Structures are given as structure tokens and as C-alpha cells.
Amino acid sequence: MPLSNEGFMPSRRCRVTAAVALVALSLPCAAWSGPLRERPGKFPMHAAGEPSRHSAKKIVVQVAMVDVGGTMTFAPNEFRFARGTNVRFTIRNDTERPHEFVLGSHTENLAHSQTMTLGIGQGHDEPNGRVVAAGATVNLDWQFTKVGEFEFGCLLAGHPDVEIAGRIVVE
């Protein structure tokens, strides 16, 4: 007997499951498509700037992730740079669990946080951020190409005590 889908109607449960899956799979794309613009052959543009070229001279800034009374915080939690500055953030995690350091505008970090809340993209590095294991130290090289106020923080899902934890002012 030949197989045919004539007259086949998926159950309501099947249709709802498929619709939910489509929405869940499209959220990361929608969340990241607004503030980022693709540039052929380069990283996506970020409001705060772009990854620093390997050969660029950089100033080194030490950032520590520390536990203060059961809440993770960054020390220091505010920086000021001139536009065009190349910075190497040396980020040390002095806590007992992994955290991330993500640079961006408020809009970008909000989108990133929403994506992380869905459990998508946990535990990986981005051009504008690094995941830092407990007790580890990592570097993030960045050039601030635009004037403005930007944020950095840990946006990993399951870290309700951690919100956007720091501010960067570029003049």
C-alpha cells in the first residue's frame, strides 16, 4: 500500500509543540539582530566598539570578579577611556563558580541576558565577552571606537544576584 499524507492532520499538541519550538529557535536570532550589524569578513559591530587588532598597542586593565557577602561583583566596577583606546582587560575570577564578562550597550546586554535566560549559548566566548571559570584568568582585547556609556557584567542564567555590574564611559 503506497504511503500518502492525504487527509493527514497533525494533532493539536503536535502543532503547538512545533510552534513553540520555532519561536524558541528564532529568539536568539531576533535578540541579536537589532544592535548588531554584520560586516563581511569581520566580527559583528557592537555599540561599544570592536575586538582590538592583535598588533595594536593596548593598555592593560585588571578586573577581579569577587564575592562580597554572597554576591558577585566586579572590582573595579567603573572605567573611563578616550575614544579609540585599545584595552586588554585581564579578568580574574576569584569566586567559586564560573562567571562571564560581557561588554555592550544596555540594549545589547539586555538582549544577551534574555538569550542566556533561555539557556541558549551558555558557556562560550563572544568577541565582546569571555566566560571565566572559577579561579581562572582570561584576557579580552577591545578597542572603544565610539563615544558613550557602556556596561559590562555577568549575564549567565541562574545568577540572579548578578546584574549589569559595571559602567564604562568613553569620551
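Me: Which residues do ring pairs link into a cluster?
Reply: Ring pairs join Phe74, Phe79, Phe81, Phe89, Phe101, Phe144 and Phe152 into a cluster. This is a predicted model, in which local features need pLDDT of at least 70 and side-chain atom pairs count only at pLDDT 80 or more, while totals for chains, interfaces and linings use all residues. Residues are numbered from 1 along each chain as its sequence is written, and side-chain values use heavy atoms, with hydrogens and water left out.
Me: How many aromatic pairs does the count come to?
Reply: The count comes to 10 aromatic pairs, where rings of Phe, Tyr and Trp (its six-membered ring) pair if their centres lie within 6.5 Å, and planes under 30 degrees apart count as stacked, over 60 as edge-to-face and the rest as tilted. In the pair of Phe81 and Phe89, the ring centres are 6.2 Å apart and the planes stand at 90°, so this pair is edge-to-face.
Me: And what about Phe89 and Phe101, why is that pair tilted?
Reply: Their planes are at 45°, with the centres 5.2 Å apart, so the pair counts as tilted. Phe89 lies in strand 5 (residues 86-93) and Phe101 in strand 6 (residues 99-104), so the pair ties together parts 12 residues apart in sequence; strands are DSSP runs (E, at least two residues), numbered from the N terminus.
Me: Is Phe89 buried or exposed?
Reply: Phe89 is buried at 0% relative accessibility, where buried means under 20% relative accessible area, exposed over 50% and partly exposed in between (1.4 Å probe, protein chains only). Phe101 is buried with a relative accessible area of 0%, and Phe81 is buried with 6%.

How values were computed:
Helix = DSSP H or I, 4+ residues; strand = E, 2+ residues; numbered from the N terminus.
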